[in-house]
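Work through the exercises below with the sequence and the 3D view side by side. Try each task before reading its solution.

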Amino acid sequence: MQRPADLRDHIEALDALGDLDRIETEVDWDLEAAAHTRYSTEHHLPAPLFEKVTGVADGFRILGAPAALSSAPASPSPASR
């Protein structure tokens, strides 16, 4: 796999690997997104991409744990695939 050129490429690569979870429900940026990201990381779930963030203009998103462990048991990180 080629190294991503920017964050959009990284998000696409995570999505293609099944290591991205698009969260469509609106979340609060302060604690809610962080708590969900921590839970995802601790349970080896895909990286959360929060599409709607309270108090933030449309189009801005939060990507949680972009370099966390992969959800695939045989692969320790998305970059190692």
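**Exercise 1. Locate Ser40 in this predicted model, and decide whether Ser40 is buried or exposed.**

Solution. 
- Step 1: Find the element. Ser40 is part of helix 2.
- Step 2: Read the relative accessible area, which is 4% for Ser40.
- Step 3: Compare with the cut-off. Buried means under 20%, so Ser40 is buried, with its relative accessible area of 4%.
- Step 4: List the contacts. With residues up to four places away in sequence not counted, Ser40 touches Leu45, Pro46 and Pro48.

**Exercise 2. Describe the place of Thr41 and state which residues Thr41 is in contact with, leaving aside neighbours within four places in sequence.**

Solution. 
- Step 1: Thr41 is also located in helix 2.
- Step 2: The relative accessibility of Thr41 is 34%, so Thr41 counts as partly exposed.
- Step 3: Once neighbours within four places in sequence are left aside, the contacts of Thr41 are with Ala65 and Ala68.
- Step 4: Compare sequence and space for another pair. Thr41 and Pro66 are 25 residues apart in sequence, and their C-alpha atoms are 9.8 Å apart.

**Exercise 3. Give the order of the helices and strands in the protein chain, and state how many of each there are.**

Solution. 
- Step 1: Count the elements. The protein chain has two helices and three strands.
- Step 2: Read from the N terminus on. The order is α-β-α-β-β.
- Step 3: Look at the whole chain. It has 81 residues, and 28% of them count as buried.
- Step 4: Look at the contacts with a separation of 6 or more. Residues 24 or more positions apart account for 57% of these contacts in the protein chain.

**Exercise 4. Sort residues of helix 1 into buried and exposed, and find what covers the buried ones.**

Solution. 
- Step 1: Helix 1 spans residues 7-17, and its buried residues are Ile11, Ala13, Leu14 and Leu17.
- Step 2: View the helix down its axis. The buried residues of helix 1 fall within an arc of 160°, so they line one face.
- Step 3: Recall the geometry. An α-helix has 3.6 residues a turn, so residues three or four places apart point the same way.
- Step 4: Turn to the other side of helix 1, where Arg8, Glu12 and Ala16 are exposed.
- Step 5: Find the cover. Strand 1 (20-23), strand 2 and strand 3 are included in what covers the buried residues of helix 1.
- Step 6: Check both ends. At the start of helix 1, a side-chain oxygen of Asp6 comes to within 3.2 Å of the backbone nitrogen of Arg8. After helix 1 comes Gly18, with a positive phi near 85°.

**Exercise 5. State how many salt bridges a search of the whole structure finds, and examine three of them.**

Solution. 
- Step 1: The search of the whole structure finds four salt bridges.
- Step 2: Side chains of opposite charge can pair when their charged atoms come close.
- Step 3: Take Asp15 and Arg22, whose side chains meet in a salt bridge at 3.4 Å, N to O. Asp15 counts as partly exposed at 37% relative accessibility, and Arg22 counts as partly exposed at 36%.
- Step 4: Take Glu42 and Arg38, whose side chains meet at 2.7 Å, N to O. Both lie in helix 2 (residues 32-42), four residues apart, about one turn of the helix. Glu42 is partly exposed at 46% relative accessibility, whereas Arg38 is exposed at 57%.
- Step 5: Take Arg61 and Glu51, whose side chains meet at 3.7 Å, N to O. Both are in the loop between strand 2 and strand 3, 10 residues apart. Arg61 is partly exposed, with a relative accessible area of 38%, whereas Glu51 counts as buried at 19%.
- Step 6: Join the pairs. Asp15, Arg22, Glu51 and Arg61 are linked in a network of salt bridges.

**Exercise 6. Which residues form a nonpolar patch on the surface?**

Solution. 
- Step 1: The patch is formed by Trp29, Val56 and Phe60, which together have about 340 Å² of accessible area.
- Step 2: Val56 is in the loop between strand 2 (47-50) and strand 3 (62-63).
- Step 3: Check its accessibility. Val56 has a relative accessible area of 35%, so Val56 is partly exposed.
- Step 4: The accessible surface of the protein chain is about 5,500 Å², and 55% of it belongs to carbon and sulfur atoms.

How values were computed:
Residues are numbered from 1 along each chain as its sequence is written. This is a predicted model: local features need pLDDT of at least 70, side-chain atom pairs count only at pLDDT 80 or more; totals for chains, interfaces and linings use all residues. Side-chain values use heavy atoms; hydrogens and water are left out. Patches are made of residues with over 30% relative accessible area and no salt bridge: like charges are joined within 9 Å, nonpolar side chains (Val, Leu, Ile, Met, Phe, Trp, Tyr) within 5 Å. Accessible areas come from the Shrake-Rupley method with a 1.4 Å probe; for residues, only the protein chains shown count as cover. Buried means under 20% relative accessible area, exposed over 50%, partly exposed in between (1.4 Å probe, protein chains only). Contact means heavy atoms within 4.5 Å. The arc is that of the directions from the helix axis to the C-beta atoms. A polar contact is a pair of N or O atoms within 3.5 Å; within protein, one must be able to donate a hydrogen and the other to accept it, and residues adjacent in sequence count only if both atoms are side-chain atoms.
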